[in-house]
Structures are given as C-alpha cells and as structure tokens.
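Here is a walk through one protein model, from its overall fold down to single side chains. Keep the sequence and the structure in view as you read.

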Amino acid sequence: DLFSKGWQNELEYVKAKKKKNTSLLRMIYRTFGRTIATAAVWICISVALHLYGPWAVRAIVQYADDISEGKTPDYSDSLTLSEFFSNGFIVSVTVFITTALASLANQQHHIMMFRLGILFRTGIQGMIYEKSLKLSSLGTSGATNSAVSTGSIINFMSSDSRQVMLFFFFLNMMWTVPIQILIIMGLLIGEMGWAAVISFVAVGLTFPISAKLAAVKVRFQKKMLEIADERLKKVNELLQGIKLIKLYAWEGPLGQAIEQLR
C-alpha cells in the first residue's frame, strides 16, 4: 500500500543520504505532503467563508435599523453593486450560500485527513503485527526483562495507532484555529474597543489552568495504559498456562489479580 511504499522510500533515502535514523515526519512530508497541502487549502476556504458571517450579521442589523428609522433605499435609479449587497434580504441569502459552501469545504478537508489518518493507522498496525511475528514467545510473555510484552504490543496497535490517526485530523487545525482567533479578536476590538481586549485577557488567564488540567489528564492516561499493559500481560499468562492453572486450581488467585488490575 501507499504507507509501505512511503516507508520503503524513507529507508532507501536514509541509506542513500547515510543518515543515522529514519524520520516518520519526513516520511509523512515526502509521501503525503501534497494531500495535506490540498486539505489545508480546503480548510482555508472554509475558514474564510465562515468569517463572512460576522460581517453579514452586522450588515443585516444595519439594514433593519435603517428600515425602522424610515430610511427606505431608493431603487428607482440604476442599482449599484454595493447597494445590491447592502440589502438585508440579499445578505441573508449570501449567508446561507457561504455557510453551505463552508460546510462542504470543511467536510472535504475532514474526509481527506480522515482517509489519510486511517491509511496511516492501518499501515502502522500492519508493521507492528509483522514485527510481532518475528519476536519469540518467550520475549513477549514477560518471563524475561524485555520491554516488549503482549500487552504493550496490543496497546501499540490500538491506543497509540489511534492517536496517530487523530494527529492527522487535527494537524491543519493547529495553525488555522490561532489565525481564526486573531482575526476574530481584530474584528471584536474594532467593534467594541477595549472591552473586547479585557474579555480576551480574561479568557487568556484560564489557559494556565487548562494546561495544568491537560497535564494531569495525560499523566492519568499514561498510568491507565501501564495498568492495561499489566492486565493484558496477566491474561496472556493465564491463557498460555491454562492447563497448569487448572491442575493446581489457581483460577481464584489469578482471577483476583486480574480483577484488581481492572
């Protein structure tokens, strides 16, 4: 598949350039860079179209105020382009059209990045499975001091590969969201003045709290993965030695140990 070809090209590149280590990021750039760039164009279109909404709401409110004050537009003469688009009904139609186009562009980005993430996840799972077939059962059973166990292999194929898939989904958002925030801040400051600045400062003060909570969450996730690794290791030991366990009637103690880890 495309992932295997990309990784093979990375190995050949490292060998040709006489580099020490392979790079997964370099492989992503060389193999999937064009797809990621195309998806980035789609999300930029979506962001630009979504930013039309705040301006349109302002134009609709201004049109409603003019109507309530009796300032009815005079369309007896030739209609200019600016007068046409200042009409509240026309602006409402354009809001619907731009919102629909923004949704289509956003979904196109999501489809491209999700397909890329799924492709990458299945490729990594295939490589891990192929490597696990070359490992001895003694080395993965936990009987030795090997860092690779059956539980860690399962975690690599399930949890870790899923995180790689999500990385592709959020890749372009990591730089488009800050740009959106800056543009919206500029629009609000232009409309509200210092009141908008104060509100953004108040929101910014919550960032350290969010970062602390995120660090705590990551720590608990790492601990959970370690416990899951140990649980899968115990279950694997139970299945491999089921005859011996039944012979000595060790079902109870091993069951209690697994239940405790759960």
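**From fold to side chains**

Among contacts in the protein between residues at least 6 apart in sequence, 70% join residues at least 24 apart. A contact here means heavy atoms within 4.5 Å.

This is a predicted model, in which local features need pLDDT of at least 70, side-chain atom pairs count only at pLDDT 80 or more, and totals for chains, interfaces and linings use all residues. Residues are numbered from 1 along each chain as its sequence is written, and side-chain values use heavy atoms, with hydrogens and water left out.

How confident is the predictor? The score is pLDDT, the predictor's confidence in each residue, from 0 to 100. The protein averages 79, and 86% of the residues score at least 70. Confidence is lowest in helix H6 (residues 137–140), with a mean of 59. It is highest in H2, at 88.

The protein has twelve helices and zero strands. Both are DSSP runs, numbered from the N terminus: helices are H or I with at least four residues, strands are E with at least two. Along the sequence, the pattern reads α-α-α-α-α-α-α-α-α-α-α-α.

Next, the surface. The accessible surface of the protein comes to about 18200 Å², and 66% of that belongs to carbon and sulfur atoms. Such areas come from the Shrake-Rupley method with a 1.4 Å probe; for residues, only the protein chains shown count as cover. Of the 262 residues in the protein, 23% are buried. Buried means under 20% relative accessible area, exposed means over 50%, and partly exposed lies in between (1.4 Å probe, protein chains only).

Now look at charge. Which side chains meet in a salt bridge? They are those of Glu10 and Arg26, at 2.6 Å from N to O. Glu10 lies in helix H1 (residues 2–17) and Arg26 in helix H2 (residues 24–50), so the pair ties together parts that are 16 residues apart in sequence. The rule asks for a side-chain nitrogen of Lys or Arg within 4 Å of a carboxyl oxygen of Asp or Glu. By this rule the count is one salt bridge. Glu10 counts as buried, at 0% relative accessibility.

Another charge meets a ring. The charged end of Arg30 sits over the ring of Tyr13, 4.4 Å from its centre. For this, NZ of Lys or CZ of Arg must be within 6 Å of the ring centre and within 35 degrees of the ring normal.

Turn to the aromatic rings. The structure holds five aromatic pairs. One is Phe120 with Phe168, a tilted pair with 4.9 Å centre to centre and 55° between the planes. Phe120 is in helix H5 (residues 88–133) and Phe168 in helix H7 (residues 150–171), 48 residues apart, and the pair links distant parts of the chain. Both Phe120 and Phe168 are buried. The rings of Phe169 and Phe170 have centres 5.0 Å apart and planes at 80°, so this pair is edge-to-face. Rings of Phe, Tyr and Trp (its six-membered ring) pair if their centres lie within 6.5 Å; planes under 30 degrees apart are stacked, over 60 edge-to-face, and the rest tilted. Phe169 is buried, at 13% relative accessible area. Phe170 is partly exposed, at 41%. Phe32, Phe120, Phe167 and Phe168 form one aromatic cluster.

Phe169 also has a histidine neighbour. His110, in helix H5, touches Phe169 and Met173, not counting residues up to four places away in sequence. His110 is buried, with a relative accessible area of 13%.
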